[in-house]
Amino acid sequence: MSSVCVHGLGYIGLPTAAVLAEAGHDVFGYDVDVELLDAIERGELHVDEPGLDDVIASALDGSLSVTREVVPADYHLICVPTPLEDGRAELSYVEAAGEAVAAELRPDDTVILESTVPPGTTVEVLGPVLERSGLDVGEFSLAYSPETVLPGNVIAELHDNDRAIGGVDAASVEAAVALYGSFVEGELRTMSDPTLAEFVKLLQNTYRDVNIALANEVAMIAADYDLDSREAIALANHHPRVDLHQPGPGVGGHCIPIDPLFLGQGSDRLDLIERARAINDGMAAYVTDLLETELGSITDTSVAILGVAYKGNVADARESPGLRLAETLQQRVRATHAPGAEGAGVGGSDTDTEIDVRLHDPHVTDSHLALESLPDALSGADAAVIATDHDEYAVLDPTEVAAQLDGDTVIDAKGILDVAAWEAAGVTVVEL
Ligand SMILES: NC(=O)C1=CN([C@@H]2O[C@H](COP(=O)(O)OP(=O)(O)OC[C@H]3O[C@@H](n4cnc5c(N)ncnc54)[C@H](O)[C@@H]3O)[C@@H](O)[C@H]2O)C=CC1
Ligand SMILES: CC(=O)N[C@@H]1[C@@H](OP(=O)(O)OP(=O)(O)OC[C@H]2O[C@@H](n3ccc(=O)[nH]c3=O)[C@H](O)[C@@H]2O)O[C@H](C(=O)O)[C@@H](O)[C@@H]1O
């Protein structure tokens with residue numbers, strides 16, 4: 001077994017560190033956020049993930065320890081953030097982690113980058129930073145192995161998913177295979193080029209984003225034909241070579257809406273990919289159109305948005321479609337009443353006109369979001385929108401909701417309600 005220093009103990013690094021410890025390695029979890037390290041040591045987890053608590057608790061009782069300084073180790077695994085800023089991948093976290101590794105790097109150690117990055121990052125950005133150690137690439141091993149776990153199923157997918165491994169040389173591939181082989185049950189797909197592994201990771205999320213954009217466009221077209229888009233998609237998917245995804249109020253999370261744009265860092269050929277991004281981001285405006293059609297006008301109405309997590313049964317509200325919808329509703333009302341806008345009062349903006357947008361989510365706990373209880377969000381509202389497919393929403397009692405609402409409109413943007421039961425309770429359900 002080996003010593004492993006994991007850099008970055010977030011959604012990816014913390015479960016990975018725990019699973020490595022479970023496999024018998026001596027694991028040192030390092031993060032620049034000292035409060036986070038204190039919390040992990042107290043057993044307070046910031047990552048809401050089924051099964052994670054138990055795995056972390058037993059790892060902390062065993063061979064996982066958190067460290068406030070980077071330590072020498074056979075393997076350094078880098079799992080730091082790579083956000084999109086001003087249209088470009090922000091790689092300063094990767095560079096900072098590389099510098100910290102360089103200070104402790106020894107001949108024959110292995111460095112593996114797991115963060116999602118634009119093609120070329122391992123070789124062109126991380127490698128040169130690591131060489132500040134005085135060692136050349138080749139004297140130490142260097143590989144890229146992207147993380148592909150699905151939030152909500154992280155522990156299982158860490159073990160089960162196939163894993164792409166791109167090493168700068170044969171020794172790097174071999175070293176990375178030895179580490180992942182100790183806990184991965186899926187296939188280890190090796191390649192002799194880290195850039196290819198980086199590219200492949202981005203393709204997977206780009207495929208999903210473009211496919212969802214197609215489903216969203218299909219939903220809007222189906223509505224024009226008065227057809228149920230989900231029924232049409234299910235029927236189309238019976239063909240052995242068709243796999244359309246599902247429409248919704250937008251694509252959230254900090255991966256799928258961002259990663260496709262990393263492909264544009266070294267290429268100006270993005271066209272369909274950018275259009276798909278625009279279609280998915282435009283779904284908030286489409287849901288707003290649906291509300292306007294149902295309510296006549298959204299000015300001076302109350303709308304309950306059920307779900308600000310970016311997807312069902314998780315607590316993560318990054319790039320949340322529900323929050324984007326809330327902003328779009330408010331912008332639409334402001335734009336309608338801006339000076340000169342069609343329907344604006346004489347003399348310009350009518351400051352008394354507004355929209356009351358209430359937010360509810362049973363999983364998200366972010367205190368900045370002014371979330372309301374379900375009864376408070378629904379009480380007296382003119383309409384409700386299901387923006388996240390949480391299990392709790394699928395089993396809502398239509399009669400109770402109908403009694404709480406003032407209006408009778410529910411937009412089911414995730415297609416999770418039993419429409420017949422809701423309509424029997426007197427609710428008009430508009431599905432995407
Ligand atoms: N969350 C997900 O579902 C997936 C994320 N990824 C990718 O994995 C990478 C990490 O993502 P998350 O774990 O979600 O991010 P996160 O934001 O949850 O965690 C990153 C952690 O790195 C720490 N950090 C920042 N700079 C550091 C440094 N120089 N040294 C040590 N620690 C540092 C931060 O304090 C934070 O705790 C990103 O590139 C992301 O795109 C890939 C697949 C899935
Ligand atoms: C190719 C792929 O499946 N990538 C996964 C994805 O995780 P993530 O939770 O972001 O993906 P997701 O479940 O597709 O959700 C993203 C967004 O897309 C929406 N969504 C998803 C599927 C669908 O048919 N329609 C739809 O509108 C969701 O509601 C959500 O708002 O991105 C992760 C990542 O790269 O961070 C990756 O590890 C995961 O395996």
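Start with strands S13 and S14. Select residues 383-386 for strand S13 and residues 409-412 for strand S14. The two strands run parallel, and 4 bridges join them. Bear in mind from here on that this is a predicted model. Now pick Ile386. Which residue of S14 is the bridge partner of Ile386? The partner is Asp412.

Turn the view to look across the strands.

Zoom in on the S3 end. Select strand S2 (residues 26-30) together with S3. These strands run parallel and are joined by 4 bridges. Click on Val27. Which residue of S3 does Val27 stand opposite? It is Leu64.

**Ligand 1**

Next, select ligand 1 and show its surroundings. The shell holds 25 residues.

- Gly8: a backbone N or O atom lies 3.4 Å from a nitrogen atom of ligand 1.
- Tyr11: a backbone N or O atom lies 3.1 Å from an oxygen atom of ligand 1.
- Thr82: a side-chain N or O atom is 2.6 Å from an oxygen atom of ligand 1.

How much of ligand 1 does the protein bury? Taken alone, ligand 1 exposes 840 Å², and the protein buries 89% of that.

Colour the shell by residue class. You will find 15 nonpolar, 6 polar and 4 charged residues around ligand 1. Then highlight helix H4 (residues 92-102). Helix H4 supplies the largest share of this shell, 3 residues.

**Ligand 2**

Go to ligand 2. It is surrounded by 21 residues. The closest are Val149, Lys201, Arg208, Cys255 and Tyr310.

- Thr148: a backbone N or O atom lies 2.6 Å from an oxygen atom of ligand 2.
- Gln246: a polar backbone atom is 2.8 Å from a nitrogen atom of ligand 2.
- Lys311: an N or O atom in the side chain is 2.9 Å from an oxygen atom of ligand 2.

On its own, ligand 2 has 770 Å² of accessible area, and the protein covers 87% of it.

The residues around ligand 2 divide into 8 nonpolar, 7 polar and 6 charged. Which helix gives the most to this shell? Select helix H8 (residues 194-224), which contributes 5 residues.

For the last stop, colour domain 1 (3-192) and domain 2 (282-431) separately. Keep ligand 2 in view. Its shell draws at least three residues from each of these domains.

Key
Residues numbered from 1 in each chain as written. Chains lettered and ligands numbered in written order. Predicted model: local features only at pLDDT ≥ 70, side-chain atom pairs only at ≥ 80, totals over all residues. Heavy atoms only, no water. Near = heavy atom within 4 Å. Polar contact = N/O pair within 3.5 Å; in protein donor to acceptor, adjacent residues only side chain to side chain. Areas by Shrake-Rupley, 256 points an atom, 1.4 Å probe, with all protein chains shown as cover. Nonpolar A, V, L, I, M, F, W, Y, C, P; charged D, E, K, R; others polar. Domains from an automatic or database assignment. Pairing = 2+ DSSP bridges.
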